[in-house]
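Visitor: Please take a close look at a single residue in this model. Then show me what lies beyond that residue.

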Amino acid sequence: MKNIIVFFEKFVKPKLNGLMILAKHELGFNFYEDETSFEKIKGCDNYPEDFYYEIFVLAKSTKNKQIRTECANIIKKQAPEALQLAFKSRKKITTIQDSQSFNKKLIAVLEYGVLSEDLDLCKLYTLVCKRLTLSLEYRSKEVIELLIETPRLLSQFNGVKELTISTSRQEEGFRNVVNNITQLSSLEKLELDIDYKYIPEELERLVNLKEFILAAPNLVWVPVGITKLKALKKLEFRGDFRYGDDDPNPNIVNFIWLTELTSLKHLRIGSFTVQDLSNVELPASLKKLELFRLENLTALPETLGHLPKLKTLRLSGIRELEHFPASVSEFKTLEVLEAIHLSKLKKVPAAFIFGPNIKRLLGLYTEFMPYGVTPVTKLKRIVFTNPELLSFVLDNALSFTNLKEIEINCDAPQRRSEHTLSAFKKLKNLKYKLAHHLEWVLEDIHECKKLEDVFIYGIYNGADAKITNADVANFPQSFSRIEYLQTLKVHSAKALVLNTDYLPIKTDSLTITGIKVIEPGIEDFEVTNLKVIDTPITALQKFYSVIRAKKIKLDDVNSAKNETLDFDNFKDPESIKDFIFNSNVKGLDKALKALCNLQTLTIDFNVDNAEQNNGLTAYTHHNLKNLTIKNFNGDTSVIKLLLEHTPHLEFLEIYDCVGLVDLPKVTLNKLKTLKLFYSDDIQSIENVTVPNIELFKVLSCDNFGYNAMVTASHWKTLKFLWLEHISKDLETYPETIADLNLDTFFIDGFLTKRQIPKWIGRMKSLRVLGIEQFYYCPLPEELAELTQLKIMSIRGCDFTEQVSDKFKNLNLEDLIYRYSKFNGNNMKSSKFYALAKNKILKEDFDNRYEKYDLYC
């Protein structure tokens with residue numbers, strides 16, 4: 001015990017008013033593990049005197065009768081009077097973890113406090129709820145009622161570090177609870193959403209308060225105690241609630257008191273009707289200042305520019321402000337300036353917005369014009385929202401030598417400047433909205449040798465459902481002189497015509513979405529990854545003859561199903577690694593021969609032309625590893641021929657195909673992944689030989705039944721097996737699956753009467769188990785034997801019987817459920833208690849595939 005105390009005095013020391021609060025995790029105490037925790041504290045020096053609170057918690061929570069009796073006797077005979085009084089409550093501490101468990105534990109703690117006003121509720125709360133933060137924001141009705149009936153309860157939580165209170169939905173009697181805030185001298189952070197006219201006066205008692213967030217739309221004056229918070233580092237003071245449509249507070253117009261907060265580093269003030277702040281002396285310690293929704297404000301503090309440490313200034317919604325104070329030209333430290341919705345601001349000193357340390361300037365819905373001498377600035381990023389500012393920067397380009405990111409979101413300037421964007425030699429990222437007459441700004445852009453990313457777009461206007469400047473038709477010819485770009489994106493420009501001769505000579509990633517048309521030129525261009533969406537290409541054959549690419553993805557707008565592409569005239573076909581084939585299938589043999597280094601191929605058949613599908617011949621392709629077959633409606637022999645000519649496949653997906661009752665008789669020695677999706681005809685897979693298969697997934701194949709699963713159960717190399725929305729006539733799963741050494745197993749009982757197999761409990765290799773949509777069946781007790789299981793997902797199930805206590809033996813890292821009857825909201829918690837144990841059940845599991853490797 002002495003070693004433990006020395007460790008925590010040296011490394012932890014959570015001291016509050018001279019008292020050390022030892023949270024349960026610091027001593028290894030966990031009332032969920034009652035026997036272990038009890039033995040641990042009994043082995044410590046000075047037992048039981050130093051552990052009355054832990055003993056109290058065990059007596060109120062354990063189901064072990066011997067421990068409960070021993071702990072109860074200690075409390076009744078030896079513990080301080082405060083604990084003895086509290087022990088008279090019949091309220092137990094729940095050990096069930098569900099959506100209501102926190103409130104239940106908090107209610108128990110409060111009820112103990114009702115009986116004993118000297119009880120240290122903070123220590124008890126920390127042991128039971130594992131935290132030093134307390135939120136009374138939209139807490140349960142029973143919690144609020146207990147506090148209203150006995151307001152002093154809040155003061156008994158002295159020791160908590162953070163407190164959040166919202167009064168907007170509470171009864172009037174809650175005011176007396178709020179008045180006890182000043183008794184919590186341990187607080188370091190206080191967040192108070194209050195709809196009262198007054199707040200407690202003696203705030204100076206909060207000697208440790210570092211962060212204060214106050215939202216008070218009805219407050220009539222600021223207590224003097226706020227000015228005495230000498231430890232305060234951050235203050236957010238707003239005259240409305242964060243989420244709502246409150247009018248700005250009309251009462252608070254005096255902010256002179258801010259100067260007394262001498263330790264303040266971050267100040268946010270907003271939603272007041274104050275008109276003049278010119279006489280306010282802000283604390284010299286400020287590093288960050290944010291003023292928002294001060295809609296009547298006409299004057300900022302005159303000495304604003306004299307703040308010696310200010311690095312960030314954000315101004316938003318100050319619509320009446322016409323000018324900045326003269327002192328802003330003297331800023332030496334400012335790095336970030338944001339001005340949003342400052343509609344009357346027209347002129348600003350260039351020495352201010354382009355000051356010596358400015359790195360970020362953002363002006364949205366604000367059209368100001370700089371004036372005066374422009375210093376050489378460190379500014380790295382700028383967004384142009386009006387043409388006048390763009391003209392000014394271009395005219396003074398030699399002062400902006402550090403610009404790396406430029407966004408042009410405005411019309412073109414009316415006059416031409418001496419410089420273009422080519423003057424900014426460090427430019428790396430360019431983003432601009434299509435506008436008429438903007439081409440000159442881009443002249444000689446190839447001289448920006450560090451340019452990496454370009455994004456060209458038309459802005460969608462939700463008000464009239466149109467793209468702004470939708471009639472801009474010309475793609476900038478100056479891009480054709482750029483030797484290399486990492487990324488080029490062209491987006492939402494319905495009139496834009498892009499001739500490939502205007503593209504950079506080489507691009508790693510080219511994405512074109514929603515423009516009028518792509519016209520193939522005559523010059524070669526190189527792309528690593530090409531994606532074209534909602535954009536037609538005028539001549540596909542010509543397009544392929546000028547593009548050198550590794551991955552090409554064209555959507556259905558550029559379907560070639562009724563054409564025959566001449567692969568002999570592709571530009572460098574040997575460079576293509578990934579290709580979607582949707583041409584006349586009779587040309588597939590030429591495609592496989594010409595695209596000799598192809599590794600990934602998707603064949604999208606013409607479902608309306610079965611004769612074409614059956615005309616398939618193939619050229620043997622030794623490099624192809626990944627094959628997806630979509631929309632096939634021919635006979636099995638055609639697929640057999642194709643697979644025989646792709647002997648090194650590692651991945652095969654058959655998607656939305658008809659006519660394939662039996663997979664063809666073929667041996668795929670290197671296949672590791674097989675997926676059958678949305679192909680209702682498939683019934684048999686016994687003809688396929690896959691000696692090294694690892695992953696098999698079946699999704700929405702309505703006739704995939706028992707015999708097919710028996711075949712899969714003989715694939716001894718399988719690690720992942722996923723069977724979702726298979727035959728509704730299937731009554732049971734073959735038990736031979738249990739003999740596989742699976743890592744992941746997923747099954748569902750959608751629209752069936754299938755039961756969850758008991759033999760799953762024998763599968764000792766399972767790491768992940770998914771069970772979905774099994775209705776009116778029990779969770780087999782045998783599954784509790786899967787003590788090696790790490791992840792268990794149960795969704796959309798309705799268990800008819802209580803989960804066995806044996807499930808307490810599981811060692812899950814994650815238990816996931818959603819839309820299941822044991823979610824704690826629509827079934828008694830006792831029904832799923834054993835499964836939930838001390839784990840946090842995950843109600844939201846939308847990213848289950850990526851996070852938990854459940855996607856096969």
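Guide: Start with threonine 312. Leaving aside neighbours within four places in sequence, threonine 312 is in contact with Lys287, Lys288, Leu289, Leu334 and Val336. Bear in mind that this is a predicted model. Threonine 312 sits in strand β10, which covers residues 312-316. Is threonine 312 buried or exposed? Its relative accessibility is 12%, under the 20% limit, so threonine 312 counts as buried.

Now for the whole chain. The protein chain has 856 residues, and buried residues make up 54% of them. It holds 18 helices and 40 strands. Along the principal axes, its C-alpha atoms fill a box of roughly 90 × 80 × 50 Å. Take the contacts with a separation of 6 or more: 49% of them join residues 24 or more positions apart.

Apart from neighbours within four places, isoleucine 353 contacts Leu337, Val348, Ile358, Leu361, Phe368 and Pro370. Glutamate 335 is 18 residues away in sequence, and its C-alpha lies 9.5 Å from that of isoleucine 353.

Helix α10 also has helix α11 packed against it. Helix α11 spans residues 387-395, and its buried residues are Leu389, Leu390, Ser391, Phe392, Val393 and Leu394.

Compare a loop residue. Isoleucine 505 is in the loop between β21 (485-499) and β22 (506-519). Its relative accessible area is 44%, between the 20% and 50% limits, so isoleucine 505 is partly exposed. Isoleucine 505 touches Ser480, Ile482, Glu483, Phe525 and Glu526, with neighbours within four places left out. Valine 666 is 161 residues from isoleucine 505 along the chain, and 44 Å separates their C-alpha atoms.

Next, the nonpolar interior. In soluble globular proteins, nonpolar side chains tend to be buried together. Here the largest nonpolar core has 264 residues. Which members touch the most others? They are Phe704, Phe745 and Met792. Look at methionine 792. Residues up to four places away are not counted. Its contacts are Leu769, Ile771, Leu779, Leu783, Leu810, Leu812, Asp814, Leu815, Ile816 and Leu835.

Last, the helix packing. Two packed helices are described by the angle between their axes and the distance between the axes.

Take α3 (residues 52-61) and α4 (residues 65-77). Their axes come within 8 Å and cross at roughly 135 degrees. That angle falls between 115 and 145 degrees, so α3 and α4 are oblique to each other. Their crossing is left-handed. From α3 come Tyr52, Ile55, Phe56, Leu58 and Ala59; from α4 come Arg68, Cys71, Ala72, Ile74 and Ile75. By class, that gives nine nonpolar, no polar and one charged residues.

Tyr53, Glu54, Phe56 and Val57 of α3 meet Lys123, Leu124, Leu127 and Val128 of α7. Six of these residues are nonpolar, none polar and two charged.

Helix α4 has another partner in α2 (residues 34-42). The axes of α2 and α4 come within 10 Å and cross at roughly 40 degrees. Again the angle lies between 35 and 65 degrees, so α2 and α4 are oblique to each other. The crossing is left-handed. Asp34, Glu35, Phe38 and Lys42 of α2 meet Ile67, Glu70 and Cys71 of α4. These residues divide into three nonpolar, no polar and four charged.

Definitions and conventions
Residues numbered from 1 in each chain as written. Predicted model: local features only at pLDDT ≥ 70, side-chain atom pairs only at ≥ 80, totals over all residues. Heavy atoms only, no water. Axes fitted to C-alpha atoms, helices over the stretch in contact; angles between N-to-C directions. Helix = DSSP H or I, 4+ residues; strand = E, 2+ residues; numbered from the N terminus. Left-handed = near helix turned anticlockwise from the far one by under 90°. Contact = heavy atoms within 4.5 Å. Nonpolar A, V, L, I, M, F, W, Y, C, P; charged D, E, K, R; others polar. Buried < 20%, exposed > 50% of the residue type's maximum accessible area, 1.4 Å probe, protein only. Core = buried A, V, L, I, M, F, W, Y, C linked by side-chain atoms within 4.5 Å.
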